[in-house]
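Colleague: I have the model open and would like to go through it with you. Could we begin with the loops and then move on to the ligand?

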Amino acid sequence: MTLLPLRGSALQPYLSDLGRLRITVFRDYPYLYEGSLDYEQDYLQRYLAAEDSLTVLALDGSAVVGATTCLPLVVESAEFQKPFRDAGIPVKEVCYFGESILLSQYRGQGVGRAFFQHREAHAQQLGLSSTAFCAVDRPIDHALRPLDYVPLDAFWTRLGYVKQPGLQASFHWKEVGEDTESAKTLTFWMKQISA
Ligand SMILES: CC(C)(COP(=O)(O)OP(=O)(O)OC[C@H]1O[C@@H](n2cnc3c(N)ncnc32)[C@H](O)[C@@H]1OP(=O)(O)O)[C@@H](O)C(=O)NCCC(=O)NCCS
């Protein structure tokens with residue numbers, strides 16, 4: 001596997017690949033996301049439009065098998081900024097980490113850790129003082145939780161992230177098996193990367 005960092009609009013040639021990958025990986029528990037390529041193209045425009053965004057692709061040959069994204073929270077949409085504004089955290093100081101996704105057969109080789117290193121270095125270059133991402137909340141006894149599911153909480157904690165129960169957002173998407181979109185609560189995790 002090789003990692004390919006792409007800034008802003010350099011993502012353009014990979015947009016469809018990234019959309020397809022998001023749909024594949026997020027279809028599994030815990031996201032259970034029944035996505036559409038149209039929505040993906042629309043959602044990913046923000047990374048093309050922001051010259052300070054970073055996407056890192058994991059490639060196996062020419063196949064996109066993993067990806068991670070980030071951009072300054074100040075250029076994210078209002079719904080992502082709201083929990084921070086409500087909590088009195090300066091939005092212009094935060095780098096928002098969009099997603100880390102890797103096809104399951106490539107996991108456990110340190111790519112997820114490398115994704116964090118790339119994004120934190122990018123945030124530092126931009127002069128941002130903290131980084132944040134959010135993860136969906138699911139009850140421990142969720143019916144679709146695979147028996148061998150390992151939560152990533154311990155991994156994120158090892159990387160220095162702290163869960164922020166006071167920072168939550170509600171997003172809507174259509175879940176596998178649902179007829180219409182439903183609301184999900186996501187909780188943010190944050191890390192201070194400079195004083
Ligand atoms: C997040 C993700 C990209 C990490 O990828 P990865 O390359 O396996 O990450 P690493 O190899 O650096 O390992 C990270 C952690 O994953 C777990 N892990 C290791 N091997 C794994 C495997 N084969 N399968 C699942 N998880 C594994 C471990 O907890 C590991 O932490 P540790 O090394 O500190 O013990 C990947 O798990 C993924 O795509 N998950 C589904 C999407 C998702 O939930 N993303 C996060 C929110 S956007």
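Modeller: Let us begin with Leu32, which lies in the loop between helix 1 and helix 2, where helices (H or I, at least four residues) and strands (E, at least two) are DSSP runs numbered from the N terminus. This is a predicted model, in which local features need pLDDT of at least 70 and side-chain atom pairs count only at pLDDT 80 or more, while totals for chains, interfaces and linings use all residues. Residues are numbered from 1 along each chain as its sequence is written, and side-chain values use heavy atoms, with hydrogens and water left out.

Colleague: What is the phi of Leu32, and is Leu32 buried or exposed?

Modeller: Leu32 has a positive phi of about 55° although it is not a glycine. Leu32 counts as buried because its relative accessibility is 6%, given that buried means under 20% relative accessible area, exposed over 50% and partly exposed in between, with a 1.4 Å probe and protein chains only.

Colleague: Which residues does the cis peptide bond join?

Modeller: The cis peptide bond joins Tyr29 and Pro30, with omega about 15°, and Pro30 lies in the loop between helix 1 (15-26) and helix 2.

Colleague: Moving along, where does Ser53 lie, and what does Ser53 touch?

Modeller: Ser53 lies in the loop between helix 2 (37-49) and strand 2 (54-60), and is buried, with a relative accessible area of 0%. Leaving aside residues up to four places away in sequence, Ser53 touches Leu6, Arg7, Gly8, Tyr47, Cys70, Leu71 and His122, a contact being heavy atoms within 4.5 Å.

Colleague: And Ala49, buried or exposed?

Modeller: Ala49, which has its place in helix 2, is exposed, with a relative accessible area of 68%. Ala49 and Gly8 are 41 residues apart in sequence, and their C-alpha atoms are 6.4 Å apart in space.

Colleague: Now the ligand: which residues come nearest?

Modeller: There are 17 residues around the ligand, and Ser100, Leu102, Gly108, Gly110 and Arg158 come nearest, where near means that a heavy atom of the residue lies within 4 Å. The shell divides into 8 nonpolar, 5 polar and 4 charged residues; here Ala, Val, Leu, Ile, Met, Phe, Trp, Tyr, Cys and Pro count as nonpolar, Asp, Glu, Lys and Arg as charged, and the others, Gly among them, as polar.

Colleague: How far are the backbone atoms of Gly108, Gly110 and Gly112 from ligand oxygens?

Modeller: A polar backbone atom of Gly108 is 2.8 Å from an oxygen atom of the ligand, a backbone N or O atom of Gly110 lies 2.7 Å from a ligand oxygen, and for a polar backbone atom of Gly112 the distance to a ligand oxygen is 2.9 Å. The ligand taken alone exposes 900 Å², and the protein buries 74% of that, areas coming from the Shrake-Rupley method with a 1.4 Å probe and, for residues, with only the protein chains shown as cover.

Colleague: Which elements give two or more residues to that shell?

Modeller: They are strand 4 (94-102), helix 4 (111-125) and helix 5 (153-158), and strand 4 gives the largest share, 4 residues.

Colleague: And the protein overall, how many helices and strands?

Modeller: The protein has 5 helices and 7 strands, which follow the pattern β-α-α-β-β-α-β-α-β-α-β-β along the sequence. Of its 195 residues, 46% count as buried.

Notes:
A polar contact is a pair of N or O atoms within 3.5 Å; within protein, one must be able to donate a hydrogen and the other to accept it, and residues adjacent in sequence count only if both atoms are side-chain atoms.
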